[in-house]
Amino acid sequence: MHSPPDEETRLRMEAAHANAAALLGLTCTSAPVWGFLGCTISRRASDLWLRVASTAKANAGRKQGEGSVGASVLVSDDVPRPRLHDVLDWTDDTYAYKAEVADYVPHPVISPDRPDLAHDPGLPDEWWGSLRRALHRLGQAEGVRITVRSGWIDKAFPQFLGIPAPEKIERVTGHGDLHWGNLTAPLALLDWERWGRVPVGYDPGLLHANSLLVPGLAARIRDEFSSILGTPAGRIGELAALAEMLQAVARGWYPELAPLLAERATELTDVQPPVAEHSEITA
């Protein structure tokens with residue numbers, strides 16, 4: 001489970017969350033749920049969910065059409081996700097804060113403590129059909145943000161896959177962070193910070209990469225999304241997801257997945273990925 005990296009961060013974020021709740025007239029009753037490195041804190045308030053995120057003050061402000069606010073306007077209501085009710089933004093001397101009030105989703109998150117899975121969740125056929133339909137409908141939305149930038153791909157493919165970057169990248173509107181920590185059963189898609197124009201095949205490719213510890217589950221994803229992953233464009237999208245995961249490996253994450261990610265990349269390229277050193281390039 002995520003937790004803040006230090007006591008100072010914990011106290012600062014808890015105070016920010018309490019401030020947002022008071023200003024929005026909410027009474028929160030659940031224990032806090034922390035995001036990566038304490039950058040987000042969320043709590044339940046009756047049938048609502050209050051999430052507060054912080055970033056450097058220099059990054060204050062929301063870009064039109066992006067994030068949860070953009071998704072609430074541009075993504076069809078038949079893509080299952082929490083409905084956004086209210087937002088509140090403010091800054092202090094050092095940090096910028098974004099508070100969002102959305103529906104509380106009562107369905108359990110499939111992997112609440114990590115983005116990948118070490119066991120088969122036993123999802124029914126209906127769930128897989130719902131996911132296919134959701135991604136298809138999402139693909140028809142007008143995405144604004146370019147997620148997984150072409151400039152990053154130009155650097156990451158040689159560095160983490162050992163192959164030249166593709167000359168052409170076909171894009172579709174996608175979630176941009178499709179892993180098991182952002183999916184519930186019954187289906188809802190959580191965390192819309194990265195949604196936008198992603199390489200074709202990136203979303204199912206990222207979910208597949210986070211499933212490699214469970215061969216049967218990974219095979220199910222390849223089968224469910226064969227019409228995408230089996231195309232040249234979809235292969236590039238999956239490789240982009242693998243490159244991003246291998247970059248995380250170079251930063252010390254996913255030690256269990258590391259050899260399986262490299263093995264899958266080799267299956268797709270016939271090239272053994274290099275052992276990459278820590279890199280700060282961002283997707």
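H208 has its place in helix α5; helices (H or I, at least four residues) and strands (E, at least two) are DSSP runs, numbered from the N terminus. With a relative accessible area of 1%, H208 is buried. Buried means under 20% relative accessible area, exposed over 50%, and partly exposed in between (1.4 Å probe, protein chains only).

The model is predicted: local features need pLDDT of at least 70, side-chain atom pairs count only at pLDDT 80 or more, and totals for chains, interfaces and linings use all residues. Residues are numbered from 1 along each chain as its sequence is written, and side-chain values use heavy atoms, with hydrogens and water left out.

**Aromatic rings**

The whole structure holds 8 aromatic pairs. Rings of Phe, Tyr and Trp (its six-membered ring) pair if their centres lie within 6.5 Å; planes under 30 degrees apart count as stacked, over 60 as edge-to-face and the rest as tilted. Two of the pairs are set out below.

| Ring pair | Centre distance | Plane angle | Class |
|---|---|---|---|
| W127 and W128 | 5.0 Å | 85 degrees | edge-to-face |
| W192 and W195 | 6.5 Å | 65 degrees | edge-to-face |

W127 counts as buried at 4% relative accessibility, and W128 counts as buried at 2%. W192 and W195 are both buried as well. Elsewhere, ring pairs join W90, Y95 and Y97 into a cluster.

Charges also sit over rings, a term that requires NZ of Lys or CZ of Arg within 6 Å of the ring centre and within 35 degrees of the ring normal. The charged end of R81 lies over the ring of W192, 5.7 Å from its centre, while that of R44 lies over the ring of Y104, 3.9 Å from its centre.

**The second largest pocket**

The second largest pocket has a volume of about 280 Å³. On a 1 Å grid over the protein atoms alone, a pocket is an open set of points where a 1.4 Å probe fits, with protein on both sides within 12 Å along at least five of seven lines; lining residues have an atom within 4 Å of a point. Of its 19 lining residues, L135, H136, V172, P204 and I228 are the closest to the centre. Helix α3 (125–139) is among the elements that each supply at least two lining residues, and α3 gives the most, with 5.

Notes:
Grid points are joined across faces, edges and corners, and a volume is the space filled by probe spheres set on the points.
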